[in-house]
Amino acid sequence: MYFKQKSNVIFRNYESFGYITDNRNFGYKQANNDRNDIGDKIVSQSGAVFLSVLGEKPQTLDDLAKKISMQFKNVDIETIKIDAREFYCLLELDGFVVSGETLQECNEKDSRFSYKVMKPKNENKDCSPTKGFEKSTQEFFDEYFENEPQLTNLHIEITSKCNERCVHCYIPHDNKVNHIKPDLFYNILEQCKKMNLLHVTLSGGEPMMHNHFIDFLKKCNEYNFSVNVLSNLTLLNKDIIEEMKRNCLLSVQVSLYSMDSNIHDAITQIKGSFEKTKNAILKLKDNDIPLQISCPIMKQNINCYNDVIDWGKTHNINVGSDYVIIARYNHTIQNLSNRLSINDVKEVINQRIVSEPNYLELMEKEAEKKKNMNPEDIVCSVCHSSICIADNGNVYPCAGWQDYVVGNVNKKSLNDIWNNSIKVQYLRSLCKRDFPKCIHCPESEFCTMCMVRNANEHPLGDPLAVNEYFCNIAKLNKKMVLESKCNIL
């Protein structure tokens with residue numbers, strides 16, 4: 001019997017436990033709307049040993065048992081073989097491992113993501129090799145790394161240059177001028193490997209404007225990072241597609257604003273951009289590269305954003321749409337002239353109630369989860385599990401919050417900034433209790449606290465100054481949920 005780790009899987013060994021995850025959160029789930037799919041697991045210390053010997057090339061159970069026995073010298077080899085077989089079979093049921101009677105059969109079972117497959121194979125969700133870890137993986141990580149937060153997600157803007165000029169963009173167009181130096185990028189990845197990083201997001205500007213974009217993808221693949229590319233796809237070419245196809249851990253997110261080319265091009269301010277982006281999306285689909293379409297809703301496309309959602313459905317591509325537009329990071333707010341009014345938001349919600357009958361029910365369920373807010377809870381994941389780096393080496397909390405520089409990787413290591421930056425420590429010290437208005441707000445469970453929304457829209461960049469626009473949306477959400485319940489009664 002042969003076993004191997006699937007090619008779309010990442011394993012990290014944290015010594016006292018192991019963590020395994022894959023690209024289904026962006027691949028199968030998004031393309032097939034299967035929200036119950038298992039995408040990651042925490043395994044015990046012994047499970048981490050079993051996984052550490054498993055690679056992407058098939059190995060016999062005998063060979064695997066011999067490697068495992070080096071860590072368990074007091075256990076006989078037959079017992080190890082029995083335990084290993086059971087463990088790997090359980091992980092196979094969850095989609096992380098494949099097996100076969102022959103080497104060829106094992107390799108053939110390692111199927112890639114494909115748009116031709118309408119639904120992924122059903123997986124047994126009752127079998128779990130993670131006894132003792134009943135909490136969600138994020139809850140486990142948050143508790144385990146409470147005093148020493150673990151960086152798992154890094155966003156790198158490899159260039160600030162962009163070939164579009166989107167009217168709602170939070171990056172001032174005058175600042176779109178630089179590329180990251182290749183040596184700096186490779187140095188960052190080397191540091192990330194040592195820090196046990198999992199996910200890298202490559203963005204810009206427009207990342208494909210960087211002459212070393214393909215080389216950057218190759219290096220991310222070598223380091224076994226899950227990679228998400230944020231791009232308008234107007235510069236997509238055959239060489240880029242071929243490199244993307246080689247990485248089973250790669251996914252793409254692209255913005256498409258309308259199926260009316262005039263409206264899309266008016267938002268990007270580049271004539272012909274719609275056709276290039278739409279055609280590139282279809283090319284990625286034809287090449288079975290996982291992608292998601294983002295359709296921000298603004299005044300220009302409020303009457304036609306649903307056409308994008310419908311078009312995505314016909315091609316089995318998930319479309320995410322929302323009305324969250326934040327101010328530019330230099331605190332100029334001209335781009336907010338494109339943002340929906342509260343009445344516009346109400347209209348969007350009414351449209352969703354019609355097209356998604358359980359929309360308000362889901363909103364209420366989410367609110368219920370937030371009802372018992374703990375004042376000591378962290379505000380968000382920034383500087384707890386994620387951080388961003390700009391093309392000039394500046395490190396900042398999250399995409400969009402670029403005027404709050406917490407360090408620079410040209411001067412200090414990422415590890416040093418992550419663990420010792422005074423600004424990072426300050427952000428980590430903030431809890432929900434630092435937002436008394438939110439703590440006592442009767443609509444708090446219908447809102448998501450966000451410091452960059454506050455900071456960018458405040459003249460002095462104060463992250464604690466609550467943004468009234470989103471307060472009003474929370475009030476609207478609650479009102480509509482309550483009204484729907486009254487209508488039912």
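The stops that follow concern a predicted model.

**First stop: two helices in contact**

Select helix H10, residues 261–268, together with helix H11, residues 273–286. In general, two packed helices are described by the angle between their axes and the distance between the axes. Here the axes come within 8 Å and cross at roughly 105°. Angles from 65 to 115 degrees count as roughly perpendicular, and H10 and H11 are therefore roughly perpendicular to each other.

Next, display the side chains where the helices meet. On the H10 side, select Ser261, His264, Asp265 and Thr268; their counterparts in H11 are Ser273, Phe274 and Thr277.

**Second stop: the loop between S8 and H8**

Move to the loop that runs between strand S8 (199–203) and helix H8 (213–222), and select glutamate 206. Is glutamate 206 buried or exposed? Its relative accessible area is 1%, so glutamate 206 is buried. Show the surroundings of glutamate 206: leaving aside residues up to four places away in sequence, it touches Thr159, Lys161, Cys162, Asn163, Ser231, Asn232, Leu233 and Leu235. With one of these residues, serine 231, glutamate 206 makes a polar contact from side chain to side chain, at 2.9 Å.

Remain in this part of the model and select glycine 205, which is also found in the loop between S8 and H8. The peptide bond that joins glycine 204 and glycine 205 is cis, with omega at about 25°.

Side chains of opposite charge can pair when their charged atoms come close. How many salt bridges does the structure hold? There are 17 salt bridges in the structure, and a few of them are visited here.

Begin with lysine 116 and aspartate 288, whose side chains meet in a salt bridge at 3.3 Å, N to O. Lysine 116 lies in the loop between helix H5 (103–109) and helix H6 (137–144), and aspartate 288 lies in the loop between H11 and strand S11 (291–294), so the pair ties together parts that are 172 residues apart in sequence. A surface display separates the two partners: lysine 116 counts as exposed, at 64% relative accessibility, whereas aspartate 288 is buried, with a relative accessible area of 15%.

Now select glutamate 243 and arginine 246, whose side chains also meet in a salt bridge, at 3.0 Å, N to O. Glutamate 243 counts as buried at 3% relative accessibility, while arginine 246 is exposed, with a relative accessible area of 51%.

Continue to helix H14, residues 359–370, and select glutamate 361 and lysine 365. These residues form a salt bridge in which the closest N and O atoms are 3.5 Å apart. Glutamate 361 and lysine 365 are four residues apart in the helix, and are therefore separated by about one helical turn. Both are partly exposed: glutamate 361 has a relative accessible area of 45%, and lysine 365 has one of 47%. Elsewhere, salt bridges that share partners join Asp62, Glu78 and Lys81 into one network.

Select asparagine 316 in the loop between helix H12 (305–314) and strand S12 (319–320). Although it is not a glycine, asparagine 316 has a positive phi of about 65°. This asparagine is buried, with a relative accessible area of 14%.

Then select histidine 331, in the loop between S12 and helix H13 (342–355). Histidine 331 is a residue other than glycine with a positive phi, here near 75°.

Finish with histidine 173, which is found in the loop between strand S7 (153–157) and helix H7 (182–194). Which residues does histidine 173 touch, not counting those up to four places away in sequence? They are Arg165 and Cys166. The side chain of histidine 173 reaches the backbone oxygen of cysteine 166 at 3.4 Å.

Conventions: Residues are numbered from 1 along each chain as its sequence is written. This is a predicted model: local features need pLDDT of at least 70, side-chain atom pairs count only at pLDDT 80 or more; totals for chains, interfaces and linings use all residues. Side-chain values use heavy atoms; hydrogens and water are left out. Axes are lines fitted to C-alpha atoms, for helices over the stretch in contact, and angles run from 0 to 180 degrees between N-to-C directions. Angles under 35 degrees count as roughly parallel, over 145 as roughly antiparallel, 65 to 115 as roughly perpendicular and the rest as oblique. Contact means heavy atoms within 4.5 Å. Buried means under 20% relative accessible area, exposed over 50%, partly exposed in between (1.4 Å probe, protein chains only). A polar contact is a pair of N or O atoms within 3.5 Å; within protein, one must be able to donate a hydrogen and the other to accept it, and residues adjacent in sequence count only if both atoms are side-chain atoms. A salt bridge is a side-chain nitrogen of Lys or Arg within 4 Å of a carboxyl oxygen of Asp or Glu.
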